[in-house]
Amino acid sequence: IISTRKRASPQRWSGSWPGGLRLVVAAALGLGGLSLAMLLLGTLHLLDPPWVPLLLLPAAGAAGLGEMRRLAAAGRSGFLGRAARPRDWLLLLAAIPVATMAIAATFPPSTLWRSEVFGYDVMAYHLELPREYAAANATAPMAHNVYSFFPENMEMLYLLEGRVTTALTGVQNPLAGLYPSQFLHVLLMLLAAAGLVLVPVRGLAGSGRLVAGVLFLAIPWTVVTGSLAYNEGGMLLAGILALGLAMGAERIKTRARRHTWLLVGVLLGLAMGAKLTAGAFFAVPVAWVMLCNAGLRRVRAVAAVAGLAAAVYGPWALRAAIYSGGNPIFPVAGTWLGHGPWDAAMAARFDAGHNAPLGERTLGARAGALARESLLDSQWSPGVAQREAWRAAWKGEKLPDAQRAGVWERIGPLWPAVLLLLGGALARRASSEAAASGGPR
């Protein structure tokens with residue numbers, strides 16, 4: 001699927017990927033495999049002694065050795081699969097958000113990001129559950145923490161880092177892997193951005209993909225979540241690759257296309273194993289892309305991709321079902337599929353707390369909520385009107401009411417629009433040049 005030995009003809013793209021994309025895909029698959037391996041070790045009560053999880057690292061290195069040698073042999077084509085071009089300077093625009101994210105990752109949870117309640121989720125379960133799993137020498141869900149029933153591909157990686165840190169240093173501090181975990185999440189966000197830049201998509205020139213990657217990193221919400229030991233990075237990395245490969249698969253020859261669909265299914269399963277909402281964010285768009293490209297003829301392919309994704313996600317579904325009395329997505333849909341250790345009132349309370357209020361479930365109300373939580377939120381596109389709010393937050397004072405600012409003041413500077421226009425112009429120019437030369441750029 002990812003051979004770089006032969007270039008495709010302009011009329012039929014054969015799936016020739018640059019070395020950088022091959023590396024990103026290999027990283028996504030390898031990290032997903034390590035997560036599921038840690039789940040297996042925890043199920044078998046093999047988290048102690050710490051050197052047992054440590055053995056996974058040389059095993060993963062050996063598994064990827066052949067691919068790394070092929071990448072090195074093809075290295076003359078460059079990380080991007082081509083020589084540098086003038087538009088590549090756009091990548092420099094990502095320097096500020098990347099540096100901000102990396103610096104923020106050096107701060108411990110509970111010290112940054114008021115909007116995330118100073119990293120409450122990190123201390124409640126993203127790093128707390130790996131600590132408890134290590135102490136119990138098991139990865140079974142825990143009745144006192146409902147988040148332990150969720151799929152936890154990222155938390156398994158944090159558990160691995162904690163065990164490896166303990167094995168290498170002898171430090172028994174349960175939070176020894178805190179900073180490695182935060183920097184791992186930064187790395188996954190960078191790999192997700194690299195996926196946006198490197199995945200070949202029909203009709204989108206390289207400059208457009210560069211702008212997409214820069215915008216992804218420049219959104220303040222990416223910086224906030226990326227600098228914490230969250231699970232968004234795992235979902236975005238696998239999901240972006242799955243969606244991008246699905247969008248480009250129609251240009252691949254039939255046999256290679258089938259292999260690509262298998263890869264898309266694996267990546268979707270890993271994305272849902274990192275965060276269950278990937279089913280809506282990525283699995284549904286992938287199915288839509290497949291059906292739009294080939295209509296009902298692709299139904300069998302969609303079913304195969306869905307089945308493979310379900311199989312990769314299966315260990316988490318089986319784990320939740322066993323410990324909740326049959327609900328594979330517990331605690332979601334507890335009132336319909338079973339609520340395990342809860343009573344009906346607790347299940348109904350959870351559903352109500354994770355749903356919109358009754359008066360806000362119309363399409364218009366949900367669209368308004370989406371606007372307030374995106375363009376009008378200071379962490380998505382900070383505007384001039386938010387300057388005093390930032391100053392007050394830095395001093396620990398009460399934030400002023402953001403509603404006092406007008407809508408246009410709260411939308412923020414127009415740099416995202418400028419980047420989009422610039423990227424569109426460059427993409428159009430590149431497409432015109434490609435058409436004139438008779439081949440894709």
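## Thr165 in helix 7

Thr165 has a relative accessibility of 18% and therefore counts as buried. The model is a predicted one. Thr165 is placed in helix 7. Leaving aside residues up to four places away in sequence, Thr165 touches Gly170, Ala176, Gly177 and Pro180.

## Packing of helix 1 against helix 3

Helix 1 covers residues 19-43 and helix 3 covers residues 56-73; their axes come within 11 Å and cross at roughly 165°. Angles over 145 degrees count as roughly antiparallel, and helix 1 and helix 3 are therefore roughly antiparallel to each other. The crossing of helix 1 and helix 3 is right-handed.

On the side of helix 1, the contact is made by Gly19, Arg22, Leu23, Leu34, Ala37, Met38 and Leu41. Helix 3 contributes Leu56, Ala60, Glu67, Met68, Arg70 and Leu71.

## Aromatic pairs

Counting ring pairs whose centres lie within 6.5 Å, the total comes to five aromatic pairs. One of them joins Tyr147 and Phe150: the ring centres are 6.1 Å apart and the planes stand at 35°, so the pair is tilted. The two residues of this pair fall into separate burial classes under a cut-off of 20% relative accessible area for buried. Tyr147, with a relative accessible area of 27%, is partly exposed, whereas Phe150, at 18% relative accessibility, counts as buried.

Another pair is formed by Phe149 and Phe330. Their ring centres are 4.8 Å apart and their planes lie at 80°, so this pair is edge-to-face. Phe149 sits in the loop between helix 6 (128-136) and helix 7 (153-169), and Phe330 in the loop between helix 14 (299-324) and helix 15 (334-337), so the pair ties together parts that are 181 residues apart in sequence. Phe149 counts as buried at 5% relative accessibility, and Phe330 counts as buried at 1%.

## The ring cluster

Phe149 and Phe330 also belong to a cluster, in which ring pairs link them with Trp342 and Phe350.

Conventions. Residues are numbered from 1 along each chain as its sequence is written. This is a predicted model: local features need pLDDT of at least 70, side-chain atom pairs count only at pLDDT 80 or more; totals for chains, interfaces and linings use all residues. Side-chain values use heavy atoms; hydrogens and water are left out. Axes are lines fitted to C-alpha atoms, for helices over the stretch in contact, and angles run from 0 to 180 degrees between N-to-C directions. Helices (H or I, at least four residues) and strands (E, at least two) are DSSP runs, numbered from the N terminus. Angles under 35 degrees count as roughly parallel, over 145 as roughly antiparallel, 65 to 115 as roughly perpendicular and the rest as oblique. A crossing is left-handed if the near helix is turned anticlockwise from the far one by less than a right angle, and right-handed if clockwise. Contact means heavy atoms within 4.5 Å. Rings of Phe, Tyr and Trp (its six-membered ring) pair if their centres lie within 6.5 Å; planes under 30 degrees apart count as stacked, over 60 as edge-to-face and the rest as tilted. Buried means under 20% relative accessible area, exposed over 50%, partly exposed in between (1.4 Å probe, protein chains only).
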